[in-house]
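I opened this notebook to record what I looked up in the structure, entry by entry. The entries go from the sheets to the partner chain and then to the contact.

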Amino acid sequence: MKGNHKRSRLLGIWKRFSRSKTAMLGLAVLCIFILLAVFAPLIAPYGYDEQNLREAYQGISMRHLLGTDNLGRDTLSRLIWGSRISLVVGLLAVAIGAAVGGLIGSFAAFYGGRIDSVLMRVVDIMMAIPSMVLAIAICAALGPGLVNTMIAVGFSSVPTYARVVRSAVLTIRQQEYIEAAGAIGSGNWRTIAKHIIPNSLAPIIVQASLGVGNAIQSAASMSFLGLGIQPPTPEWGAMLSTGRQFIRDYPMMVVAPGICIMLVISSLNLLGDGLRDALDPRMKR
Amino acid sequence: MEKILEIKDLGIRFKTDDGIVNAVNGVTLELKKGEVLGLVGETGAGKTTTALAIMRLIQIPPGEIYQGSILFEGREILDMSDKEMQQIRGDKISMIFQDPMTSLNPVRTVGEQIAEVIRLHQKVSAAEAMRKACEMLEMVGIPAERSGEYPHQFSGGMKQRVIIAIALACRPDLLIADEPTTALDVTIQAQVMDLMENLKKEFGTSMILITHDLGVVAEICDKVAIIYAGEILEYGTLEEIYNHTAHPYTQGLFDSVPDLDEDVRRLKPIDGLMPDPTDLPSGCKFAPRCARCTEQCRTMHPDMTVLNGNHGVRCFAALNREG
């Protein structure tokens, strides 16, 4: 019966979610990108590192739907291959940032007092360092590469999440039902997991869906500096920064990855908005 | 009869930026099995603080329990480990909070919230817990089909019933009801009180009913304690308090209740305000507002004196009159 109960709750969330057209649009766009990433070897017309210098700097044509870059590589193919890297970097970096930051923030807010002071001062110190510089420092220490880039970008966003989560939890923990949870014998961990986090999800979801875009951009900057993902591995941000030099004569090299990033970010924002509303049972109409 | 709860000389203070707030100053209470004790007092008299201390839910710091003991079934609550306390809360002692609107988690269904307390304290499967939760809902007069609904879909009175269902789900030995009807309108109040009275009869739960409503006390309580500025001023059975009122403050409380048979233009309030808990008077705490105050009351602190049987009072004037 409990299983049914859980399923019916998920069903309820899905029902509320699917009622929002914009959220469904966001989900659809994101699903397309995920499919592209998964089936990249089947879909991409060329390999991501197939150079053909004779065909460099081409515009839109039947042979190369989105043109080619300075080394004559097919832009469309590189975008499709790149979605693998960019989506993973974006989503995982945010997951790392939100998980670590969220844990720090909710701990600080729940226990208060000295624990709060110590944790938040550490966060303040992290905040005092520009997140880009922090990411560069972490990446320089760990060495370049996909995983390290994600860790670097994720950790550099920890302070933001810690702050957002802390303020959300501070309001929730004043509520009487948190005291009531204590009064039925629920331990601190359980209270945080079952009562506080579900109630403070809304601001986290909004922050996270905006954060994916930021993470992709940060990862791109890292690649640009030679610290992130190494060429020839295609990554949207890196493609963007390479194309930057040629923006006057061959705008397609910048426009194409730019549009991809924009589409992913806006679909995640729509998705995040819909999800936030769907998770709040009071929004039922 | 066996004593289920014994509070001795309990003292609680809070350290704030404005000074030390003396919330509870030497409260002594006892409760026998199956009895209902009414804890009556104004806002800020220390009723809720006392209740939270029994559950050991006082935030320390800023709070501090600086003296006294709380014995529950003969065991000292203040010395228990956090783990033991967690097992007792919700199982042996449970609490109904004042405001049903904010005491339920808005993002979880009421069924889940009742099942949660059952799963915390009994080794049952999730399905079994949910079945029991539905039974509890039926018992407080809510159809079991509504267990999948969220708190905002219930009215205030029904939410309070859900809270009562949570509190009683594990058949506690002691139920602390902190102004269970204050946030409800009068007709719903009556329903909730009826429900609590039935439950008391059915399960023989001991209860501490915290309220400022003397009518509610008369309906359901066996014993009454009048609390003022963190001190018990008068203590006794319902009959002793209502028909042989000894303390001027208790008398003042009764006088301020409008009478159906009498036609009066104005209510009779007790003059003045409760003393500032950061700066309590040195003598009798009620002296500044008392009509029968003497020099002795201002300088000396009256002790709790037993008049006869259980009836105790903390007042010089009442003693002199008796003597």
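Entry 1. Before reading residue pairs across strands, I noted the rule that two strands pair if DSSP finds at least two bridges between them. I also noted that the model is predicted.

Entry 2. I looked up strand 1 of chain B and its partners. Strand 1 (residues 3–16) and strand 4 (residues 63–72) of chain B run antiparallel and are joined by eight bridges. Within this pairing I found B:E6 opposite B:L71 of strand 4, and B:L5 opposite B:F72 of strand 4. I then turned to strand 2 of chain B, which is joined to strand 1 by 11 bridges, again in antiparallel fashion. There B:I7 has B:L29 of strand 2 as its bridge partner. A hairpin of two residues leads from strand 1 to strand 2 of chain B.

Entry 3. I asked in what order the four strands of this open sheet in chain B stand. The order is 2-1-4-5, with antiparallel pairing. Strand 2 (19–32) and strand 5 (75–76) of chain B each have a single partner strand, so one side of each is left without a neighbour in the sheet. I next checked what lies on these strands: helix 1 of chain B lies across strand 1, strand 2 and strand 4, and runs at about 115° to strand 1.

Entry 4. I moved to another open sheet of chain B, which has eight strands in the order 6-7-8-3-9-10-12-11 and mixed pairing. Its edges are strand 6 and strand 11 (305–308) of chain B, each of which pairs on one side only. From one strand to the next, the twist averages 20°. As an example of pairing I took strand 7 (residues 174–178) and strand 8 (residues 206–211) of chain B, which run parallel and share five bridges. One of these pairs sets B:D178 against B:I210 of strand 8. Helix 6 (residues 186–203) of chain B packs on the sheet and touches strand 3 (36–40), strand 6, strand 7 and strand 8. The direction of helix 6 makes about 160° with that of strand 8 of chain B.

Entry 5. I looked up the secondary structure of chain A and found 13 helices and zero strands. The C-alpha trace of chain A spans about 75 × 45 × 30 Å along its principal axes.

Entry 6. The area buried between the two chains is about 2,700 Å², and carbon and sulfur atoms give 58% of it. On the side of chain B, the residues that lose the most area to chain A are B:F97, B:V107 and B:E116, together 19% of what that side buries.

Entry 7. The rule finds one salt bridge between chain B and chain A. A:R190 and B:E116 meet in a salt bridge through their side chains, at 3.1 Å from N to O.

Technical notes:
Residues numbered from 1 in each chain as written. Chains lettered and ligands numbered in written order. Predicted model: local features only at pLDDT ≥ 70, side-chain atom pairs only at ≥ 80, totals over all residues. Heavy atoms only, no water. Buried area = accessible area lost by both parts, 1.4 Å probe. Salt bridge = Lys/Arg side-chain N within 4 Å of Asp/Glu carboxyl O. Contact = heavy atoms within 4.5 Å. Axes fitted to C-alpha atoms, helices over the stretch in contact; angles between N-to-C directions.
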